[in-house]
Amino acid sequence: MKPALFAYKKVRSLPEAVTLLGEQADARLLAGGQSLIATLNMRLSAPSLLIDINGIAGLDGIVHKGGKVEIGALTRHAQAERSDMIAKHAPLISRAMPYIAHPAIRNRGTLGGSIAFADPAAELPACLLALDGEVDTTGPKGKQTIKAQDFFKGLFETALGPQEVLTAIRVPAATTATRVGFAELARRHGDYAMVGLAATARADGKGLTDVRLAYFGVGAKPVRAQESEAALAGGDVDGAVAALDLDPPDDIQASGATKRHLAGVLLRRVAKQLMEAR
Amino acid sequence: MSDHALEISLTVNGEPVNERVEARKTLVDFLREDLALTGSHVGCEHGVCGACTVRVNGEIVRGCLMLAVQCDGAKVETIEGLSDSGAIADLQSAFEERNALQCGYCTPGMLATAQDLLARGGVPTREQIREHLSGNYCRCTGYHAIVDAVEAVAQVRAGEKK
């Protein structure tokens, strides 16, 4: 199908974008467009105005400062995939990147767009949650910073207000003790995951502490498996699998029971990654 | 002013193009309908099949997931340009020799994506070739012949085989 009629405006500044969002209630921001344009083509979405933010300068930098890595919202997936800074200081994001769609889509898709869209089967929202990261937004009331755990609200639903623009994400920079793990199962490489798992931990002697397991594709938003985190911190992989308290609904990809089983398979794979020295 | 149609200037296969396009027109529809460059194909129209793959500013993109108006000032290359330049002549021959196509619908996107991988240099593993082409559906060949063709060209370009 083809998109319904809409107007298009390329803006050069954040205030311009925020003002336009306020003037036209059903306007949508166009960043990478790799989800938005697909929904326009299928007429699942029919905004009257697209506000193209690709021309706003300064939204695509990757900066390491104050123990954190800040990634501008317009950073393309391909840019993040190639970034030495992200590989070194945010290795979980680096590890997840090849699983996100396909090269042609990673050339356009943006990190900010993935987070703001909040697809429940997408990799980056789960990574942000596992990393205990945060997002920066700009709106009519100025700038705000929102923790990942407060940002993802439900199915494609976030704390982002109708007139707010996500401008950056920020995650703690990895230290020598940081351990990360990532695995997902999809029918075709690059497709949305049936089930996926992003994880972080801190090495503590021979064991792990601060284990954070964020599953995706198992509910309306990325979810942590906190019982399993505690078991894994105690070195009990079997116990961690047994403690998985996920309740994934059936979907087009797999039944809830299959997804529960696969979540355990992924947990074993990721546990191994977490226990490897970097 | 925001509008439903805008003037755009870009280069397509090296030639300057100035057109007025509807904001809602995707890049691939613009190339096919306004410029009669029908080598880029329209398959799924939501980014899954890869038949519409073209290059924008040197990078492969989905022609169905970019709007023509976003290409104002851009350098667009289609399979027609890639083919005419001779840059993929070896890939095209290898596809033909190994029956890496049957109906040919996926072939322009497949060639553009394969060229993108080969341009990085070296000889990718079969696994890397499969991963790079994972976003391009072929419903005829079963992919083996395509992977064979891409691998063979990589080896020749790297001077490993003749």
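Author: In this predicted model, the centres of domain 1 of chain B and domain 2 of chain B, taken over C-alpha atoms, are separated by 22 Å. Domain 1 covers residues 5-78 of chain B, and domain 2 covers residues 86-157 of chain B. Where these two domains touch, eleven residues come from domain 1 of chain B and ten residues from domain 2 of chain B. On the side of domain 1 of chain B that touches domain 2 of chain B, strand β3 (residues 53-56) of chain B gives the most, with three residues. Sorted by class, that side of domain 1 of chain B has five nonpolar, five polar and one charged residues.

Chain B also meets chain A, and there 27 residues of chain B are in contact with 27 residues of chain A. On the side of chain B that touches chain A, the elements that give two or more residues are β4 (59-62), α4 (107-118) and α5 (126-132) of chain B. The largest share of that side, four residues, comes from β4(B). By class, the side of chain B that touches chain A has nine nonpolar, eleven polar and seven charged residues.

Of the 278 residues in chain A, 50% are buried, and among the contacts in chain A between residues at least 6 apart in sequence, 61% join residues at least 24 apart.

Ser35(A) lies in the loop between β2 (28-30) and α2 (36-41) of chain A, and Ser35(A) counts as buried because it has 23 C-beta neighbours inside 10 Å, where 20 or more are needed. Leaving aside residues up to four places away in sequence, Ser35(A) touches Phe117(A) and Asp119(A). The C-alpha atoms of Ser35(A) and Gly109(A) are separated by 8.3 Å, although the two residues are 74 residues apart along the chain.

Terms used. Residues are numbered from 1 along each chain as its sequence is written. Chains are lettered from A and ligands numbered from 1 in the order in which they are written. This is a predicted model: local features need pLDDT of at least 70, side-chain atom pairs count only at pLDDT 80 or more; totals for chains, interfaces and linings use all residues. Two residues are in contact if their C-beta atoms, placed from the backbone, lie within 7 Å. Ala, Val, Leu, Ile, Met, Phe, Trp, Tyr, Cys and Pro count as nonpolar, Asp, Glu, Lys and Arg as charged, and the others, Gly among them, as polar. A residue is buried if 20 or more other C-beta atoms lie within 10 Å of its own, exposed if 12 or fewer, and partly exposed in between; C-beta atoms are placed from the backbone. Domain bounds come from an automatic or database domain assignment.
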